[in-house]
Amino acid sequence: MAEASDRRGLLLQNLKDAGCSEETISKCMALATENDRKELLRLLSVHKRDLLETVHSKQKEIDCLDYLVFRLKQSEHKGGII
């Protein structure tokens, strides 16, 4: 029985480390208990998609800042910020 408990503990820690919400963690743990691998994988896929959307959004913000810095450095030579 210790092995099953260890596996549940590892799953719980992994879900926390992956940034899952308490709601998602509860659902995943219930699905794991029910041995519903298909639904668990679907739920994890949804979380991954959400994380990727956040990464892409933040990348766009970084790109905008990079462009602004580029333009400001260009304007140094021309005198003026705008």
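**Salt bridges and overall form**

Mentor: The structure holds five salt bridges, a salt bridge being a side-chain nitrogen of Lys or Arg within 4 Å of a carboxyl oxygen of Asp or Glu. This is a predicted model, in which local features need pLDDT of at least 70 and side-chain atom pairs count only at pLDDT 80 or more, while totals for chains, interfaces and linings use all residues. Residues are numbered from 1 along each chain as its sequence is written, and side-chain values use heavy atoms, with hydrogens and water left out.

Trainee: Which pattern does the protein chain follow along the sequence?

Mentor: Helices (H or I, at least four residues) and strands (E, at least two) are taken as DSSP runs, numbered from the N terminus. There are three helices and zero strands in the protein chain. Read along the sequence, the pattern is therefore α-α-α.

Trainee: Why is the protein chain described as more spread out than a compact globule?

Mentor: The radius of gyration is taken over C-alpha atoms, and the globule rule is 2.2 Å times the number of residues to the power 0.38. For 82 residues that rule gives 12 Å, and the protein chain lies well over this, so it is more spread out than a compact globule, with a radius of gyration of 22 Å.

Trainee: What share of the 82 residues in the protein chain is buried?

Mentor: Buried means under 20% relative accessible area, exposed means over 50%, and partly exposed lies in between (1.4 Å probe, protein chains only). By that criterion, the buried share of the 82 residues in the protein chain is 13%.

Trainee: What is the N to O distance in the salt bridge between Glu39 and Arg42?

Mentor: Glu39 and Arg42 both lie in helix H3 (residues 37-78), three residues apart, which is about one turn of the helix. Glu39 counts as partly exposed at 27% relative accessibility, and Arg42 counts as partly exposed at 42%. Their side chains meet in a salt bridge with an N to O distance of 2.6 Å.

Trainee: Which residues are linked with Glu53 in a network of salt bridges?

Mentor: Glu53 and Arg49 both lie in helix H3, four residues apart, and their side chains meet in a salt bridge at 3.6 Å, N to O. Glu53 is partly exposed, with a relative accessible area of 47%, and Arg49 counts as partly exposed at 44% relative accessibility. In the network of salt bridges, Glu53 is linked with Arg49 and Asp50.
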